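Visitor: I have a chain open here and would like to talk through how it is put together. Could we go over it piece by piece?

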Amino acid sequence: MKTQNLHQKISHRFIAIVVLFSLPFSLQAFSTFAVADSTKPEIVIPNRLFKLAAQSNVCGLDMRFTPDALQQNFGVELKTPCGYLSSKVQLASWGRWVKGVLVQSEGWAILSENEAQFEIRNVGRFRLVINLLDRCRQRTQDTLYFEIEDLSKPTMLCASALNLSLPGSSGLRSDVVTLDHEFFNKGSKDNCRISQYRVRRAFYPAVIPTMIGAGYDTNGDGKLDQQDGFDLNKDGDITDLGEYIERRGARYWTPLQSQVEFFPVDTLTSVTVELWGIDGVGAFNTCKTEVSVSSSSSADRPNPPIIKLPGEPPLSRGKDILHPNLPNPVDKEALIYYDLQQSGNVEFNVYDQQGRRVLIRQLNGTTGRNEILLQRSELGHSKGFFLYTLRTPTAVLVQKMLVL
Ligand SMILES: [Ca+2]
Ligand SMILES: [Ca+2]
Ligand SMILES: [Ca+2]
């Protein structure tokens, strides 16, 4: 390209010299001729619409607008047969933003004029007007558009395990503690901003009567399932956005709401709470925390649960733990808890008595309590003792189970 420009430059000069020495033109006539002859600078834009991803740490992009950066980011070529003098850009956003908040939704708002680099601090549509000036003082202007999209999920941080004491003052129904999402959140963030926080809690079948009493059986059929929920985003549908009661393994989860409740019946187990953060484009992420519930009044403690459940082991602190399966021996299904000190990928394997691996699962474990639900049918037809292992980022843990 440079050689070509040089070549063109030389041929222009050659024509000028020939004109100057061979023809009796006046100086006025020559200058008019020279301007008319030089080729205008050209801005080659192969595409006019671009999609760019916002940086994961900020809601926007740090952009440079030098010729090299324009070429690299947008494939723009600046052609100046007469010699490059300068290129300047005007950057505008669709709508006006102040500190990440949209204050005017329509119209182009100019963000920068003639700056070689600029820190864009919002997402959305942008217009870039390029002005190219060559050494013959000829200008060309062209425009391209790009959109910066937020593709980064929120980073969720949950409060460390909580010990919660119920007031226990005036009977079962009033002995309830309600905590909102802020209570569990200890500084979650997003590259843009988290538009919604939601929270839900796990419960075992033994807690169903209490949950029904607390109003979670929204269709009033005496059962808790996916038909029950709260239409938080008011689209007439409770099957979206975790607005329904969900069963995962041995536990149920309440719909996502702005707050969660703890009841006297919770004094029997620790309660896992899940906090959700949803950013402006609907990308979400979650974290979990454990709540141990105690009641200050023994008179308010509930009767033993109607359905006998195997006790959930206490959460381990200080090292990764693979707990014994519940129940043991295994008849139809088994629940296996494991505790991690740090979230990460873990591998779960089950081996039969001959040492053959009969099951492998790659799991994404979170800090604190995790669970694996195992179906008897997944283990083939063998009976007797099986070994199961969990490979965590820091340890390989082994347990034994008896399968009927
Ligand atoms: Ca985001
Ligand atoms: Ca129901
Ligand atoms: Ca809905």
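Visitor: Leaving aside its neighbours within four places in sequence, which residues is Val199 in contact with?
Guide: Bearing in mind that this is a predicted model, Val199 is in contact with His181, Phe184, Leu256, Gln257, Gln259 and Val260, and also with Val273, Glu274, Leu275 and Trp276, once the neighbours within four places in sequence are set aside.

Visitor: And which residues touch the most other members of the largest nonpolar core?
Guide: In that core of 29 residues, they are Val199, Met211, Leu224, Phe262, Val271, Val273 and Leu275.

Visitor: Which elements each supply at least two residues of it?
Guide: Those are the strands β12 (194-203), β15 (259-262), β16 (270-279) and β17 (284-295), together with the helix α5 (208-213), and the largest share, 4 residues, comes from β16. Another core lies apart from this one and has 18 residues, among them Leu70, Val89, Ile120 and Phe126.

Visitor: Zooming out, how many helices and strands are there?
Guide: The chain has 5 helices and 24 strands, and of its 404 residues 29% count as buried.

Visitor: Changing topic, what is the strand order in the open sheet with 3 strands?
Guide: The order is β18-β19-β22, with antiparallel pairing. Because β18 (321-322) and β22 (368-375) stand at the edges with a single partner strand each, one side of each is left without a neighbour in the sheet.

Visitor: How many bridges join β18 to β19?
Guide: There are 2 bridges between β18 and β19 (residues 333-340), and Ile321 stands opposite Asp339 in β19.

Technical notes: Residues are numbered from 1 along each chain as its sequence is written. Chains are lettered from A and ligands numbered from 1 in the order in which they are written. This is a predicted model: local features need pLDDT of at least 70, side-chain atom pairs count only at pLDDT 80 or more; totals for chains, interfaces and linings use all residues. A residue is buried if 20 or more other C-beta atoms lie within 10 Å of its own, exposed if 12 or fewer, and partly exposed in between; C-beta atoms are placed from the backbone. A nonpolar core is a set of buried Ala, Val, Leu, Ile, Met, Phe, Trp, Tyr and Cys residues joined through C-beta atoms within 7 Å. Two residues are in contact if their C-beta atoms, placed from the backbone, lie within 7 Å. Two strands pair if DSSP finds at least two bridges between them.
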